[in-house]
There are 4 protein chains.
Amino acid sequence: MIKEKDAKDWREKLHGVIYESETKAGKAFDVALLFCILASIVVVMLDSVHSLHSRYGGIFLALEWIFTGIFTVEYILRLISIRRPYKYIFSFFGAIDLLAIIPSYLSVFFVGAQSLLVLRALRLLRIFRIFRLVHFLSEMQFLSVAVVNSLRKISIFILFVLTCVVILGSVIYLVEDDSSGFTSIPQSVYWAIVTITTVGYGDVAPATPLGKFIASFIMLLGYGIIAVPTGIVTTEMAQQAYRNKGRANNACPNCGKEGHDTDASFCKFCGEKL
Amino acid sequence: MIKEKDAKDWREKLHGVIYESETKAGKAFDVALLFCILASIVVVMLDSVHSLHSRYGGIFLALEWIFTGIFTVEYILRLISIRRPYKYIFSFFGAIDLLAIIPSYLSVFFVGAQSLLVLRALRLLRIFRIFRLVHFLSEMQFLSVAVVNSLRKISIFILFVLTCVVILGSVIYLVEDDSSGFTSIPQSVYWAIVTITTVGYGDVAPATPLGKFIASFIMLLGYGIIAVPTGIVTTEMAQQAYRNKGRANNACPNCGKEGHDTDASFCKFCGEKL
Amino acid sequence: MIKEKDAKDWREKLHGVIYESETKAGKAFDVALLFCILASIVVVMLDSVHSLHSRYGGIFLALEWIFTGIFTVEYILRLISIRRPYKYIFSFFGAIDLLAIIPSYLSVFFVGAQSLLVLRALRLLRIFRIFRLVHFLSEMQFLSVAVVNSLRKISIFILFVLTCVVILGSVIYLVEDDSSGFTSIPQSVYWAIVTITTVGYGDVAPATPLGKFIASFIMLLGYGIIAVPTGIVTTEMAQQAYRNKGRANNACPNCGKEGHDTDASFCKFCGEKL
Amino acid sequence: MIKEKDAKDWREKLHGVIYESETKAGKAFDVALLFCILASIVVVMLDSVHSLHSRYGGIFLALEWIFTGIFTVEYILRLISIRRPYKYIFSFFGAIDLLAIIPSYLSVFFVGAQSLLVLRALRLLRIFRIFRLVHFLSEMQFLSVAVVNSLRKISIFILFVLTCVVILGSVIYLVEDDSSGFTSIPQSVYWAIVTITTVGYGDVAPATPLGKFIASFIMLLGYGIIAVPTGIVTTEMAQQAYRNKGRANNACPNCGKEGHDTDASFCKFCGEKL
């Protein structure tokens, strides 16, 4: 009986360390995990540099297996310390955690599978869970709510931009020669995207006066319509900041009005204590 | 008599399917049409890639004629299912629909007319009509009203930018040599647009110290004045969001008009208490 | 006596046509003048294209002298139709008007003075005076007031950016070799401006890993701080829109509160007729 | 006794001239100092241009030692005119002032130490202290408070961008060949930063259709998410402008605290009627 209770205690403690970050041990685990993720990604990145690979390839391989081992142990611990393992396995972070360790094991059987290790970069997303430690959570929530609320409007905007670049890319393909790099419509659409987003690589650029005129039009269009997503997000954020203000303090018990600052002790409309 | 009524029924049903999207059949028609438009544009785009054209040119040609056939049938159906066909023919979408099928038929008589098929990309604009299906209409309205309301201010801004690039392009033409690519004033103005919109291809770039100084000035100017259209659109959107909020909440019980501010206690049109 | 009055009448009429744009003749004069300015600039621009100059050089020269004649007559008319000619001569537009005709006359004595004709582009600024015709004045005022009010904050921002690019340009000069194009500190500062404003010509680009790291930092800095001028201008515009709202309608005669919409007939706070 | 008082007077006067800028002498000192800083930086910059160095190297060296002398005297004066010299030495500006004179002295012993003179550019930061003279202080405070308040949200945003570029850079490394310039993951991540910030040098650019597709995605992502920092800063500025307005208008007559909203009728801290 006592043993069973101990086991339960042990599992609960583990759960607290791995999944929560309120306790000292939980915080330490999160920080250590983040360090391992960052280190493993740095190793994968450096290993891709030819000069470093030829010199330190062996060390990098060893480190990669060490990190794979650590992440495998972490994955198993996560499975056994949670009540419903299926929920974790099929969650977003569960899938990413699995994706981070599979390529190493696959590389034993398939040559080249190791290159999929770059998917480990997805684990960087865990960095956003670490924010709890430093009280950045409300800021993250603010941003994500604002972005999610803007998503519909922004997706319409992106669709509009895509329609524009397909049409304008098709037109420039009619106008410009192959020699300037406009060898096909997809290539021309790619160029239109490079231009409308004001990136401007310069690998493809119009050579004829008419082409340059159309390009100028696309540039000014891109320069002007960047205002639209900015306006959307800003308006959404301003509304949310206003709502947050009202939500932070309850409505005034006397007059019922909202919109008080977070540091308000008295209602600014009727003077009642909040 | 019954036959006539049937004919009327048939026409009305067709109208509902083609022009409306509330019914199941209407939605299916819209989605199928959008799929055809997207597919036909993809075919035109892929056909423009030389390597694909030489291999699959025949298939692409066949597909193009199939899509032309479908769009022709659609155009005829639209004509016969509407009461006043002229209204459709001379409408914006009617013109585009016609533009999308003409090039194929012209290509029989004129060589090269087929290249005008890229105009079919304009049909992509129909995508914005599909939004009704997924309740994006209010978001689209929000954006288009905000953009339309900002248009006057933004057109002044664009005129200001155009004046700037003509003046600055003329000045850089005096300063820089032909060898750097500043061969004429129009070319220099083109470069000024590329620079002020922060696109920066690099095909033309100043070589002299004074030219680089002027270029730096243009860049900083462009970097700074992009704030202006953004400010215009954001302010417009914020005002509209504020008005929408009032509209959602309270129509006047007396005159029924909407668009009151959120802090309004009385109708601004008739003075009735809200 | 009557003759004198006639002369006065004649002068006043001329003044009305040239300086004002309320009358039909005034509007016609403004539109004709704008057309001449645009045409003269197009001629100067086309004349700078070598291939066009060798073919139509004579025609362009003739047109230039015609436009110079027209502008000279206009300048003289402006002088005699105004009461205090000195006020016009030393005004901003007076100086530009003079600058637009001088180069042609100078070119008779000095070879090459004609290239200063590009200064005629400054006359394009007159385009902003034409806006009166199409009721864009309030929009222009809105923009210019917002920009003027933001100028102090934006100049601080530009100073901050300039300080950044001098410091970062100096640092990259220490890091990168001459062979990558970083041949001097001014050149490196120029590159830093190209990078921080996200123009990115690519004529100078870092080659070493450390240089690329610093470049990445500058890019992210530039990507982030573009928010600052946008925020300044947007806030200024929002405040101005709010003020305009209050200014447009008088304060409520009953409760004295402001902030009514332009289409309001009744006070939204107390229901009093405005 | 009188002598001692004189000494005290002399020190206090010096302090007033060097550290303050209310008096005429203080203003003159600040302006002269700023001129010296700008001149010394211009000399360092010009000296780095090879053609100028070979011609005027001797003059530049002399000027550098003159400026070093001036700054050394200024540093010593600052030390003796302040009560607690340690406070100045370890302050931010104290450290920069020291950094500005050390390289010159080091260059006597170490060849090449002179190149560290570019650190003198940091002294440009003193320019922001000069703003007091022209009453730009409140604007600077406005900007710095808005930026500091936005810092948390913007740092989350930068982290998100960094995560994106690591992931997307890794993916493009898998897709593209070495021949296009994607020789390693760090190089690919660098390219992703160049692309997402819309700088677009063009020294590295995708060559395969899939690579171009991914690049287009990154560009549109970068074009869209630039809205986020702008939204953050704008919202923060708008809130601050709103608070400032309240502060300017009404300090509480009871508790004297400021920062009330413009629609506040009662003090939010003590409930007193405003």
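1. **Ground rules.** The model is predicted, so local features need pLDDT of at least 70 and side-chain atom pairs count only at pLDDT 80 or more, while totals for chains, interfaces and linings use all residues. Residues are numbered from 1 along each chain as its sequence is written, chains are lettered from A and ligands numbered from 1 in the order in which they are written, and side-chain values use heavy atoms, with hydrogens and water left out.

2. **Make-up of chain A.** Chain A has ten helices and zero strands. Helices (H or I, at least four residues) and strands (E, at least two) are DSSP runs, numbered from the N terminus. Of the 274 residues, 51% are buried. Buried means under 20% relative accessible area, exposed over 50%, and partly exposed in between, with a 1.4 Å probe and protein chains only. Take the contacts (heavy atoms within 4.5 Å) between residues at least 6 apart in sequence: 52% of them join residues at least 24 apart.

3. **Domains of chain A.** Domain 1 covers 2-136 and domain 2 covers 142-243. These bounds come from an automatic or database domain assignment. Over C-alpha atoms, the two domain centres are 38 Å apart.

4. **Transmembrane annotation.** An unreviewed UniProt entry places the feature "transmembrane region" at residues 28-46, 58-77, 89-110, 130-149, 156-175 and 213-235 of chain A. UniProt positions are given in the numbering used here, feature names are shortened, and annotations may be inferred rather than shown by experiment. Two of the stretches can be set against the model. Residues 156-175 are 100% helix and 0% strand, with end C-alpha atoms 29 Å apart. Residues 213-235 are 96% helix and 0% strand, with end C-alpha atoms 34 Å apart.

5. **Helix pair in chain B.** How do α8 (residues 185-196) and α9 (residues 209-225) of chain B cross? Their axes come within 8 Å and cross at roughly 50°. Axes are lines fitted to C-alpha atoms, for helices over the stretch in contact, and angles run from 0 to 180 degrees between N-to-C directions. The pair is therefore oblique. Angles under 35 degrees count as roughly parallel, over 145 as roughly antiparallel, 65 to 115 as roughly perpendicular and the rest as oblique. On the α8(B) side, B:W191, B:A192, B:T195 and B:I196 make the contact; they meet B:A215, B:I218, B:M219, B:L221, B:G222 and B:I225 of α9(B). By class, this contact has eight nonpolar, two polar and no charged residues. Ala, Val, Leu, Ile, Met, Phe, Trp, Tyr, Cys and Pro count as nonpolar, Asp, Glu, Lys and Arg as charged, and the others, Gly among them, as polar.

6. **Helix pair in chain D.** In chain D, the axes of α8(D) and α9(D) come within 8 Å and cross at roughly 50°. They too are oblique to each other. D:W191, D:A192, D:T195 and D:I196 of α8(D) contact D:A215, D:I218, D:M219, D:L221, D:G222 and D:I225 of α9(D). The residues divide into eight nonpolar, two polar and no charged.

7. **Thr195 in chain C.** C:T195 lies in helix α9 of chain C. Its relative accessible area is 0%, so it is buried. Apart from neighbours within four places in sequence, C:T195 contacts C:A215, C:I218 and C:M219, plus D:V199 and D:Y201.

8. C:T198 has a positive phi near 60° and is not a glycine. It sits in the loop between α9 (185-196) and α10 (209-225) of chain C. D:T198 is buried at 6% relative accessibility.

9. **The loop between α5 and α6.** In chain A, A:L122 is in the loop between α5 (92-109) and α6 (127-130). Beyond neighbours within four places in sequence, A:L122 contacts A:I96, A:L99 and D:I167. In chain D, D:L124 is in the loop between α5 (92-109) and α6 (127-130). D:L124 is buried, at 8% relative accessibility. Leaving out neighbours within four places in sequence, its contacts are C:T163, C:V166, D:I37, D:L38 and D:I41.
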